[in-house]
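Reader: I would like to go through this structure feature by feature. Please give the general idea where there is one, and then the case at hand.

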Amino acid sequence: MLKHFEGLGDKWRALVENPDETVKGLVQTIANEGGTREAWQSHTPDGHTVLMAWPATEPCRAGLIIRGDQNGENYQPVSALPLLEGLENELEVTEVHPWGNDAEGEIAACRAGDDSIWFYDPLLYRDRWSCIVGQKQVFTLSALAYALRPATRDSIQVKGGPQFDSYAKAYVDKNPGVDPASIPPLTLPLKGARIMQQYVNTSEYQIRVPVEEVATCQLNGEKVFMPTVSLAGKYDKALRAMLYVAERTLGGFEPKAGDDIEAIVWLQGRLVD
């Protein structure tokens, strides 16, 4: 059974050096210089919850959730998080999992005919009331890479599955009387393939995808690459995401458009503001 890991330390380690000290400094910077949006604020009888972020102009930011009393006073920090801008996808909600702090959480959603994917939602305190199971919503989807490298294989050999069954039938038709056990494996090309498999925890995945385009940004003085990718699904229904990977994670590799890459990623999403 998949585990809902309610922690962000490993996400920060993927993004910044010396995360313990760096995040403390970022929290202070957000408190002094950060801003918020009306759409990031939730006012309920139980109190006020607000997401603040810094810097204002980068797509990869440090975020801080704070919660105050009914009068909008006495705010206390709830969680510090990497806040990532993403690409829009219309998905049907299949499950919602609030975290213990009742602010963040995870959502499972899918497109028709595809399996559900889980992603972390930093604004679940706002989004949960609109995320009704069975209903469609538009989410922005992003991914943070724990590790990323050029794809290592151009093809794969299989001896099972629908494609192999069709191939095996054609092989037997051409070679009557052949022993089925002697049918050679089917070689499938992997160039341009989009493969997505569950990793250890919910919202974590192993992916192989082609890079569509690449931009860069900065967080706290560190360079971050931003490949645009399509994660899974049929091409006209592919899940599109902005992928973020710290330069130091790449070991000298610089992804470019047309590259096939392999990565371990953590998905993040939220309702469009």
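Author: The model is predicted.

Reader: Is Ser 42 buried or exposed?

Author: The cut-off for buried is under 20% relative accessible area. Ser 42 has 12%, so it is buried. Beyond its neighbours within four places in sequence, Ser 42 is in contact with Gly 47, His 48, Thr 49 and Tyr 125.

Reader: How should I read the nonpolar cores?

Author: In soluble globular proteins, nonpolar side chains tend to be buried together. Here the largest nonpolar core has 36 residues, and Trp 12, Leu 15, Leu 51 and Tyr 244 have the most contacts inside it.

Reader: Which helices and strands each supply at least two residues of this core?

Author: Two helices do so, helix 1 (9-15) and helix 2 (19-33). The strands are strand 2 (47-54), strand 3 (60-68), strand 4 (76-84), strand 12 (204-219), strand 13 (222-230) and strand 14 (240-246). A second, separate core of 33 residues includes Phe 119, Leu 124, Ile 207 and Phe 225.

Reader: What is Tyr 244 in contact with, leaving aside its neighbours within four places in sequence?

Author: Its contacts include Pro 59, Cys 60, Leu 84 and Glu 85, the run Ser 142, Ala 143, Leu 144 and Ala 145, and also Val 224, Phe 225 and Met 226. Phe 225 is itself a member of the second core.

Reader: How do I read the sides of a helix?

Author: An α-helix has 3.6 residues a turn, so residues three or four places apart point the same way. Take helix 2, which has 15 residues and reaches 20 Å from its first C-alpha to its last, close to the 21 Å expected. Its buried residues are Pro 19, Thr 22, Val 23, Leu 26, Thr 29 and Ile 30. Seen down the axis, these buried residues fall within an arc of 120 degrees, so they line one face of helix 2.

Reader: What do the buried residues of helix 2 pack against, and which exposed residues does the face turned away from them carry?

Author: The buried residues pack against helix 1, strand 2, strand 3 and strand 4. The face turned away carries the exposed residues Asp 20, Glu 21, Lys 24, Ala 31 and Asn 32.

Reader: Where does a residue between buried and exposed occur?

Author: Glu 95, in strand 5 (residues 87-98), is a case. Its relative accessibility is 40%, so it counts as partly exposed. Glu 95 and Val 133 are 38 residues apart in sequence, yet their C-alpha atoms are 6.1 Å apart in space. Val 133 is among the contacts of Glu 95, as are Glu 106, Ile 107, Ala 108 and Trp 118.

Reader: What is the volume of the largest pocket, and what lines it?

Author: The volume is about 300 Å³. The lining has 15 residues, of which Gln 197, Gln 206, Ile 207, Arg 208 and Glu 262 are the closest to the centre. Strand 8 (136-150), strand 11 (195-198), strand 12 and strand 15 (260-271) each supply at least two lining residues.

Reader: Are Asn 18 and Ser 203 buried or exposed?

Author: Asn 18 counts as exposed, at 60% relative accessibility, whereas Ser 203 is buried, at 0%.

Technical notes. Residues are numbered from 1 along each chain as its sequence is written. This is a predicted model: local features need pLDDT of at least 70, side-chain atom pairs count only at pLDDT 80 or more; totals for chains, interfaces and linings use all residues. Side-chain values use heavy atoms; hydrogens and water are left out. Buried means under 20% relative accessible area, exposed over 50%, partly exposed in between (1.4 Å probe, protein chains only). Contact means heavy atoms within 4.5 Å. A nonpolar core is a set of buried Ala, Val, Leu, Ile, Met, Phe, Trp, Tyr and Cys residues joined through side-chain atoms within 4.5 Å. Helices (H or I, at least four residues) and strands (E, at least two) are DSSP runs, numbered from the N terminus. The expected span of a helix is 1.5 Å times one less than its number of residues. The arc is that of the directions from the helix axis to the C-beta atoms. On a 1 Å grid over the protein atoms alone, a cavity is a set of points where a 1.4 Å probe fits but cannot get out, and a pocket is an open set with protein on both sides within 12 Å along at least five of seven lines; lining residues have an atom within 4 Å of a point. Grid points are joined across faces, edges and corners, and a volume is the space filled by probe spheres set on the points.
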